[in-house]
Amino acid sequence: MVHDTIAAISTAVGEGGIAIIRVSGPQAISGIDPIFKSKISLKDADTHTVHYGHIIDPSSGEKVEEVLVTLMRGPRSFTAEDVVEINAHGGVIAVKKVLDVVLQQDGIRTAEPGEFTKRAFLNGRIDLMQAEAVIDLIRSKSDRAFSVARKQAEGALSKRIKALRQTVIELLAHIEVNIDYPEHDVEEMTSAYIREQCQSAIAEIDKLLKTANEGKILREGIMTAIVGRPNVGKSSLMNMLTQENKAIVTDIPGTTRDVIEQFVTLNGIPLRLLDTAGIRETSDVVERIGVERSKDALQDADLILFVLNYNEPLGEEDRQLLEQLKDRSVIVIINKMDLPARLDLEEVKRFVSKDSIVKMSVLQEQGLDALESTISEMFFEGQLEANDLTYVSNVRHISLLKRARQSLTDAIEATHAGIPIDVIQIDARSAWESLGEILGDEAGDSLIDQIFSQFCLGK
Ligand code: GDP
Ligand code: ZN
């Protein structure tokens, strides 16, 4: 495959200070060599070596920037092409100047978004799933999500999908033999074998799908609904957590007319906070829309912060809601602890365990630490399996896994129904194809383009 040579600023994630200008393609070495003043010519340099020197402006001969240049000859590079990386540290303007000089060289043009990764994929260096993980890496919103995305980029998930595919290939091979040599009369044995293989593949798919939820949590944040009667301090809590004043805070019950969303990170845990209108019967139309949305938000929430007022006795609707939330992940926040006690704490404890009750005074900024540690405990104890960081977090992967699972289920059912083996083969093949699509083997051009157009420039 003949390519032109591409270049872009490609700053490593999390390393703000240094910028890397990455150049990849057949002219990478011959194009950079004349503008790089150093002890050694890049053309003579060994692969995987680093060289100190200066980028010079070829028209004036002036030094543009002091740099370290890394040389990687293909195919042992990220893109499998010749790659030259220019490490500059002189700030944005200097880096931009270096890039300008690089782009003046014959045959070198600006990379399109995601083009480096696309080349790596097209040259067989990484599979499609790893490529998508790079997108997640760029987009990940928290450190935790970052490490999941990185693990995925390293191919942990690819490995599991490949093993899964191997199981299906063995199955296909078995069926093939049976079709080619029917006189062997192994039909009965084959049926049992098909069921066994399919079941073990389904079990593995289920394991992966189970992580899908957790992956979603890490990427999009834990959906957290703040609920409670009007005036208990929901919006104030939201403001405290976000330290902005986007939610309206007033003394009039029912002012929070709509659901307000904010993304925050507490102890490194990403939360998508939803401030909701009080969930209660109402005749006010505008408020009712808010109440409806609150109910939806409550339905979808991964975590519920149920706020009560220490200065008010428990109401009937509070009791109903507490009863309703019994089996959910809920933290009961007793707010307004600065005011006199009118709430019976013992009664609240009949609905939820002591560990999930947090006393706060949002007004006096008391109790935030307790809330944070309660959330971390719930998160790390309840939802995450330690050291298993293989997550399926991508919608496309999830639907392909489900499709593969369906094909395998169809195959099992077909064996029970006594359907001929060559028909069952079609199910097995389609499971194999769905899994392959996750890895990118069967990916058509349009799918590839769709995925790579999501990339940031320079990756
Ligand atoms: P929401 O309707 O549940 O969203 O309640 P708001 O956040 O709008 O608060 C209602 C009122 O309670 C406001 O006047 C707040 O200043 C007040 N408030 C919130 N938290 C506290 C608290 O911890 N102590 C006291 N005394 N007042 C509070
Ligand atoms: Zn409010």
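**Strands and their partners**

Mentor: Strand E12 and strand E13 (residues 357–359) run parallel, joined by 3 bridges. Strands (E, at least two residues) and helices (H or I, at least four) are DSSP runs numbered from the N terminus. Two strands pair if DSSP finds at least two bridges between them. This is a predicted model, where local features need pLDDT of at least 70, side-chain atom pairs count only at pLDDT 80 or more, and totals for chains, interfaces and linings use all residues. Residues are numbered from 1 along each chain as its sequence is written, while chains are lettered from A and ligands numbered from 1 in the order in which they are written.

Trainee: Which residue in E13 is the bridge partner of Val-332?

Mentor: Ile-357. Strand E11 (residues 303–309) pairs with E12 in the parallel sense, over 6 bridges.

Trainee: Is strand E12 mostly covered or exposed?

Mentor: A residue is buried if 20 or more other C-beta atoms, placed from the backbone, lie within 10 Å of its own, exposed if 12 or fewer, and partly exposed in between. In E12 (residues 330–335), 6 of 6 residues are buried. Val-330, Val-332 and Ile-334 cover one side, and Ile-331, Ile-333 and Asn-335 the other.

Trainee: What order do the strands of the open sheet have?

Mentor: The 7 strands have the order E3-E4-E5-E6-E2-E1-E7, with mixed pairing. E3 (36–38) and E7 (108–110) are at the edges with a single partner strand each, so one side of each is left without a neighbour in the sheet.
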